[in-house]
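Good morning. I will take the fold first, then a few backbone details, then a loop in the other chain.

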Amino acid sequence: MREEQVGDELGARLKEYEGCPAAVAGTGKDPVNAPMIRHWCEALGDTNPAYTGPDAIAPPTMLQTWTMGGLSGHRGRTGAYQELLGLLDAAGCTAVVATDCEQEYLRPLRPGDEVTFDTVIEEVSGRRTTRLGTGYFVTTRTDVRVAGEPVATHRFRILKYAPVPRAPLPRRPRPVVNRDNAGFWRGVAEHRLLIQRCTACGTPRHPWLPGCNACGSPDWDTVEASGEGTVHSYVVLHHPPFPAFDPPYAVGLIELAEGVRMVSNVVGVPYDEVRIGLPVRLEFQRCDEELTVPVFRAVRR
Amino acid sequence: MRAGDRLPPLRIPVTRTLIVAGALASRDFQDVHHDPELARRKGAPDIFMNILTTNGLVGRYVTDHFGPAAVLRKVAIRLGAPNHPGDTMLLTGTVEEVAGDTAVVRVVGANGLGTHVTGTVTVTLPEAGA
Ligand SMILES: [Zn+2]
């Protein structure tokens, strides 16, 4: 994100909405109810017994669900908030994505509770450029009540932005497949990581080569890697960016359980948390219709 | 329970079903959470998880660990790299501070693109403080 305040006339105009109500005496479309709680728990795989049975409470994090407008739109939205959104739409900022959510729960909600709410526009940022596109952050705060009694507060930040349609990503470079390594790539296509093994002296080797470095024998067979390994060494690539790759990312030299090393991406862990000795497990990443590559996912213990 | 305690990680396979079911269960009908073509027109490579689902998963992670008597007081999250279908999110948590029966847990959800969510959860454990 970077600030671009110069000449941001729209931003100055939007700022004037800070402090204005966004919703006054809004009402939830449904009372808090067991079926919606059950759907939520099913969707999220939440088996907490506190959310079922005669004394059930609603999952506290479900708070915003009770005030959502849904397909039929919001009740209780003010003219000020509609204007703010309208100005953004008119400026091309038609897309919206939520970035922050802060909720405080004063007491649990239970089936039968009828929720009312008031929302205020707390803050509108200046123009910002993000990966998705250029737009404005709008922060609102909602006070949620049941029968006039405060039950929760909810601060919410959205980015309303001018979308930049996604160009298809360039394709990842193709591996060079030749007579010596074709068997390796056939294995990868079948989701098997094959290691070459000298049939004369038993030494495993990678990458694939026509002969054994230990004894010189040209005879070999293969063993399938178990997929277990550790990071022997790594680099983080920041620059230069290559098409089809999204830096920064970690490239590891992985020591496989079978005793050979190979180079590939370390995934499933932020690039700056890759460490020597990190346990990893093989997986196959499908890049496009024609290319699958072996990568290594961090295993946390 | 002490400051510095780590919660066991929770691995969430980010399936298309989870993204769509979570969006609908939270009454969020924004097209970017269920329609891949419209998501691409809005600059995303595919549909992505809505913030309410992430919020719910962060809450679930903490209550799964502390049990049904744990009471969530506060959940504050910030989203980073989106959760797209086919990814895996690994939730990890550390107890940051403990005061009486209340703990603040710092939660991070990492996916293949980077950090999807960072946040703090304030939770009260009725038995712990007594
Ligand atoms: Zn040999």
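**Chain A and selected loops**

In chain A, take the contacts between residues at least 6 apart in sequence: 64% of them join residues at least 24 apart. This is a predicted model, with an ipTM of 0.95 and a pTM of 0.69.

Some totals for chain A. DSSP runs give 4 helices and 15 strands. The chain has 301 residues, and 45% of them are buried.

Now the barrel. In chain A, 5 strands close up in the order S11-S12-S13-S15-S14, with mixed pairing. From one strand to the next, the twist averages 50°. Helix H4 of chain A, residues 182-189, packs on the sheet and touches strands S13 (261-267), S14 (279-286) and S15 (292-298) of that chain. The direction of H4 makes about 65° with that of S15(A).

How do strands S11 and S12 of chain A run, parallel or antiparallel? They run antiparallel, and 8 bridges join S11, residues 228-237, to S12, residues 249-256. As a reminder, strands of a sheet pair through backbone hydrogen bonds, either parallel or antiparallel.

The loop between S11 and S12 of chain A contains A:Pro240. A cis peptide bond joins A:His239 to A:Pro240, with omega about 0°. Where else is there a cis peptide bond? One joins A:His206 and A:Pro207, with omega about -5°. A:Pro207 lies in the loop between strand S9, residues 204-205, and strand S10, residues 220-224, of chain A.

Next, positive phi. A:Ala147 is not a glycine, yet its phi is about 50°. The residue sits in the loop between strand S6 (133-146) and strand S7 (149-163) of chain A. Is A:Ala147 buried or exposed? Its relative accessible area is 78%, so A:Ala147 counts as exposed.

Over to chain B. The mean pLDDT of this chain is 93, and 97% of its residues reach 70 or more. Which elements of chain B have the lowest and the highest mean pLDDT? Helix H4 of chain B, residues 126-129, has the lowest at 62, and helix H1 of chain B, residues 16-25, has the highest at 98. Where pLDDT is low, the predicted coordinates should not be read in detail.

I will stay with the loop between H1 and H2 of chain B, where B:Arg27 is placed. B:Arg27 also has a positive phi, about 60°, although it is not a glycine. B:Arg27 is buried because its relative accessible area is 18%, and the cut-off for buried is under 20%.

B:Asp31 is found in that loop too, between H1 and helix H2 (36-41) of chain B. B:Asp31 has a relative accessibility of 18%, so this residue counts as buried. What does B:Asp31 touch, leaving aside residues up to four places away in sequence? The contacts are with B:Leu38 and B:Lys42. With B:Lys42 there is a polar contact between the side chains, at 3.1 Å.

To finish, two places to look at again: the barrel of 5 strands in chain A, and the side-chain contact between B:Asp31 and B:Lys42.

Conventions
Residues numbered from 1 in each chain as written. Chains lettered and ligands numbered in written order. Predicted model: local features only at pLDDT ≥ 70, side-chain atom pairs only at ≥ 80, totals over all residues. Heavy atoms only, no water. pLDDT = per-residue confidence, 0-100. Pairing = 2+ DSSP bridges. Axes fitted to C-alpha atoms, helices over the stretch in contact; angles between N-to-C directions. Contact = heavy atoms within 4.5 Å. Buried < 20%, exposed > 50% of the residue type's maximum accessible area, 1.4 Å probe, protein only. Polar contact = N/O pair within 3.5 Å; in protein donor to acceptor, adjacent residues only side chain to side chain.
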